[in-house]
Amino acid sequence: MNSQKKSKSSNRWLLEHFNDKYVKEAQKNKIRSRAWFKLEQLDKTNKLFKIGMNVIDLGAAPGSWSQYAITKIGKTGYIAAFDVLPIKPIKGVNFFQGDIRNKKIFNLVLSSLSDIKFDLVMSDMSPNITGNFSIDMPRIINLCKLALKISDFLLSKNGIFLLKSFQGEGFNEFYKEIKTLFKKVKICKPKTSRTRSREIFILAIR
């Protein structure tokens, strides 16, 4: 993508972003990002949360999914949130900063949480999108596979795996892999996802 096209694309995104009703709603209600509303809609449709659940939040920054989840699981629940970027503290959320693409950190995550059985693993992870899908899709699928490995290792029986992904090369093969590991799998696209976005969510039950 040349710089002129990239600049036009960035300007269009910024205009769209600041006119977005969910961005305005988030700012008005001190919610960390519009991603809150995606999770809220997915939860209302699929009843993801229960009081006392143990939850993993991958790609947590700036923290809106954890912010939403803590309101649903109550004080008896547990949230372990991870991101390569820092987040401002959220009461009741245990945040760990690090890059799970690093093998040592990935193994540390698994070993440190292996004594807990989690009811929900949710991932909103995404690489820095370049707009060139031949570069972006392999990075996206790589993150999806890491999230899948974590869920396979730490998710309890009947546990829920919620994963953000994107439609593109490699997705169909990855989706088939998920279907071999979970008894129920479906693709969701909440209305908060922008229509022209390739973003989708996979919901799987163990």
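Reader: Among contacts in the chain between residues at least 6 apart in sequence, what share join residues at least 24 apart?
Author: That share is 64%. Keep in mind that this is a predicted model.

Reader: OK. How many helices and strands does the chain have?
Author: Seven helices and seven strands. Reading along the sequence, the order is α-α-α-β-α-β-β-α-β-α-β-α-β-β.

Reader: And how much of the chain counts as buried?
Author: Of its 206 residues, 47% do. The chain exposes about 11,700 Å², and 53% of that comes from carbon and sulfur atoms.

Reader: Let's do helix pairs. At what angle do α3 and α4 cross?
Author: Roughly 40°, with the axes coming within 8 Å. Here α3 covers residues 35-46 and α4 covers residues 64-73.

Reader: So what do you call that arrangement of α3 and α4?
Author: Oblique. The crossing of α3 past α4 is right-handed.

Reader: Which residues in α3 meet α4?
Author: On the α3 side you have Ala35, Trp36, Leu39, Glu40 and Asp43. They meet Ser64, Trp65, Gln67, Tyr68, Thr71 and Lys72 in α4. By class, that contact has five nonpolar, three polar and three charged residues.

Reader: What is Asp43 in contact with, leaving aside its neighbours within four places in sequence?
Author: Leu48, Phe49, Tyr68 and Lys72. Tyr68 and Lys72 are also among the α4 residues that meet α3.

Reader: Switching topic. How far apart are the axes of α6 and α7?
Author: They are 11 Å apart, and the helices pack at an angle of about 5°. That angle is under 35 degrees, so α6 is roughly parallel to α7. For reference, α6 is residues 133-154 and α7 is residues 171-181.

Reader: Which residues make the contact there?
Author: From α6 it's Met137, Ile141, Cys144, Lys145, Leu148 and Asp152. From α7 it's Phe171, Phe174, Glu177, Ile178 and Leu181. The contact of α6 with α7 has eight nonpolar and three charged residues, and no polar ones.

Reader: What about α5 and α6, at what angle do they pack?
Author: About 20°, with axes 10 Å apart. Helix α5 runs over residues 103-113. The two are therefore roughly parallel to each other, and their crossing is right-handed.

Reader: Which residues in α5 meet α6?
Author: Phe106, Leu110 and Leu113. Their partners in α6 are Leu146, Lys149, Ile150, Phe153 and Leu154. That contact divides into seven nonpolar residues, no polar ones and one charged.

Reader: One last thing, where does Ser111 lie?
Author: In helix α5. Ser111 is partly exposed, with a relative accessible area of 46%.

Reader: And what separates the C-alpha atoms of Ser111 and Phe153?
Author: A distance of 9.9 Å, although the two residues are 42 residues apart along the chain. Phe153 is one of the α6 residues that α5 meets.

How values were computed
Residues numbered from 1 in each chain as written. Predicted model: local features only at pLDDT ≥ 70, side-chain atom pairs only at ≥ 80, totals over all residues. Heavy atoms only, no water. Axes fitted to C-alpha atoms, helices over the stretch in contact; angles between N-to-C directions. Helix = DSSP H or I, 4+ residues; strand = E, 2+ residues; numbered from the N terminus. Parallel < 35°, antiparallel > 145°, perpendicular 65-115°, else oblique. Left-handed = near helix turned anticlockwise from the far one by under 90°. Contact = heavy atoms within 4.5 Å. Nonpolar A, V, L, I, M, F, W, Y, C, P; charged D, E, K, R; others polar. Buried < 20%, exposed > 50% of the residue type's maximum accessible area, 1.4 Å probe, protein only. Areas by Shrake-Rupley, 256 points an atom, 1.4 Å probe, with all protein chains shown as cover.
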